Amino acid sequence: MDKFIIQGGNVLKGEVRISGAKNAALPLLAATILAETPITITNVPNLKDVNTLVKLIEGLGITISYDHNDVVKADTSTLNNQFAPYELVKTMRASILVLGPLLARYGEAKVSLPGGCAIGSRPVDQHLKALEALGAQIEVEAGYVNAKVDGRLKGGEVVFDMVTVGGTENILMAAVLAEGVTTIRNAAREPEITDLAHMLVKMGAQISGIDTDTLVVTGVEKLHGCEYAVVADRIETGSYLAAAAITGGCVKTTHTDPILLEAVLEKFEEMGAEVTRGENWIELDMQGKRPKAVSFRTLPHPEFPTDMQAQVMAVNTIASGFSTISETIFENRFMHVPELSRLGANIAVEGNDATVTGVDKLSAAPVMATDLRASFSLVLAALAAEGETLVDRIYHIDRGYEKIEEKLQGLGAQIKRVSE
Ligand code: UD1
């Protein structure tokens with residue numbers, strides 16, 4: 001298993017190019033199922049999760065060419081089954097995103113239930129309920145969702161009980177080929193949903209209310225291919241800005257967009273960082289200062305994202321003062337806390353609230369990555385810690401951060417990967 005060895009204490013400075021968003025690339029790849037003619041997606045990050053979905057889509061018989069650089073081309077004319085097996089789905093929850101498009105275009109799908117994951121039980125009841133509202137007949141049997149519909153799905157009214165990103169994406173991809181009008185209420189408004197909606201429109205879909213919590217979709221009979229570039233990864237952007245904040249450095253993230261993470265940028269400013277927003281770049285200059293502790297609560301977009309909680313907590317561990325952090329999206333997303341504590345952080349957790357008392361310094365220790373974003377928080381803490389930290393189980397990080405050691409080295413970090 002690969003590990004990182006990180007020598008802390010360097011002040012990070014320089015420019016880093018942000019990749020396409022993993023969480024946008026995955027639904028866009030699933031949406032290729034809907035296109036009757038070849039489709040090309042660019043700015044696709046080369047990540048383990050992307051490879052998993054490419055493999056799953058290939059398993060459906062779709063012809064995919066993926067250059068592992070940043071272009072995926074898909075041709076659905078060779079599709080020969082609608083089956084997503086447990087072996088692939090269990091490694092990545094987002095695999096459930098093929099359910100809506102398969103059902104909408106081919107009238108049936110058999111997709112494994114994703115099961116739980118480290119950060120909580122994460123059911124898919126909302127996805128299934130929404131598809132049923134469009135006329136799907138769904139049975140869950142032996143760990144599989146068996147879905148079918150006679151003829152086309154029928155437009156209808158979908159009201160989500162909670163804001164769900166994946167649920168909104170699944171139903172949006174189903175509704176675009178349904179007969180009639182579908183209204184999706186309490187829809188998630190994450191930038192990745194906007195990206196998906198824009199690509200679907202380019203494919204010939206009719207969607208209004210994009211960027212709001214009510215999406216109105218008028219179904220069409222067919223969708224065609226197009227060429228589309230994945231939006232910038234706002235979480236990767238925020239993670240590298242956090243690296244500047246925790247080391248007192250100055251980092252410019254390029255090929256990104258400040259509008260995607262305004263709530264996070266405001267927190268960095270509250271810490272005392274100077275944040276400059278360009279049209280497609282963001283620079284964070286901490287000017288060698290110690291950050292001030294900032295409190296926040298994770299909420300659906302446009303509020304503070306749960307996927308940045310661990311990284312900003314890491315910065316808080318060495319900030320002046322104390323902060324409270326409430327995690328309202330997932331029930332078990334503080335697994336990085338015991339690991340940060342091993343590096344000398346002072347954090348108390350009660351239920352879904354954490355209180356962080358900033359310490360003067362962190363010091364190196366062996367730690368273990370527990371999930372994707374938590375892993376980056378350990379890398380951040382290691383960059384600020386005195387001494388050499390070993391971060392184990394970094395396969396979690398490889399799911400979602402492209403060329404992480406190369407990018408961090410480019411900013412002056414001392415990080416190397418060791419394989420066993
Ligand atoms: C997506 C992101 C993930 C991010 C999360 C919240 C991808 C690939 N992943 O995950 O990085 O952390 O949004 O911004 O885009 N829920 C239910 N029933 C459902 C669906 C969801 O109870 O049918 C609950 C979940 O357990 C969770 C909450 O709703 O507590 C939000 O989940 P959701 O927005 O669906 O997250 P994902 O789409 O899985």
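Predicted model: local features only at pLDDT ≥ 70, side-chain atom pairs only at ≥ 80, totals over all residues.
A polar contact is taken here as a pair of N or O atoms within 3.5 Å. An N or O atom in the side chain of T164 is 2.7 Å from an oxygen atom of the ligand, and an N or O atom in the side chain of D125 is 2.7 Å from a ligand nitrogen atom. The protein buries 86% of the 750 Å² that the ligand exposes when taken alone.

The elements giving two or more residues to the shell around the ligand are α5 (125–133) and α6 (165–175). The largest contribution is that of α5, with three residues. There are 19 residues around the ligand, of which Q126, T164, G166, D307 and I329 come nearest. Sorted by class, the shell comprises eight nonpolar, six polar and five charged residues.

Helix packing was examined next. Two packed helices are described by the angle between their axes and the distance between the axes. For helix α10 (residues 309–317) and helix α12 (residues 372–384), the angle is about 20° and the axes are 7 Å apart. Angles under 35 degrees count as roughly parallel, and α10 and α12 are therefore roughly parallel to each other. The crossing in which α10 passes α12 is right-handed. Helix α12 also packs with helix α8 (residues 234–247); their axes come within 9 Å and cross at roughly 20°. That angle makes α8 roughly parallel to α12. Here too the crossing is described by its hand: α8 passes α12 in a right-handed crossing.

Backbone geometry was considered last. Most residues other than glycine have a negative phi, and most peptide bonds are trans. Against this background, the peptide bond from H301 to P302 is cis, with omega near 15°. P302 lies in the loop between β18 (296–297) and α10, the helix that packs with α12. A positive phi, near 60°, occurs at N43, a residue other than glycine. N43 is placed in the loop that runs between β3 (39–42) and α2 (48–59). D211, which is not a glycine, likewise has a positive phi, of about 85°. The loop between β12 (206–208) and β13 (214–218) contains D211.

Definitions and conventions: Residues numbered from 1 in each chain as written. Heavy atoms only, no water. Near = heavy atom within 4 Å. Polar contact = N/O pair within 3.5 Å; in protein donor to acceptor, adjacent residues only side chain to side chain. Areas by Shrake-Rupley, 256 points an atom, 1.4 Å probe, with all protein chains shown as cover. Helix = DSSP H or I, 4+ residues; strand = E, 2+ residues; numbered from the N terminus. Nonpolar A, V, L, I, M, F, W, Y, C, P; charged D, E, K, R; others polar. Axes fitted to C-alpha atoms, helices over the stretch in contact; angles between N-to-C directions. Parallel < 35°, antiparallel > 145°, perpendicular 65-115°, else oblique. Left-handed = near helix turned anticlockwise from the far one by under 90°.
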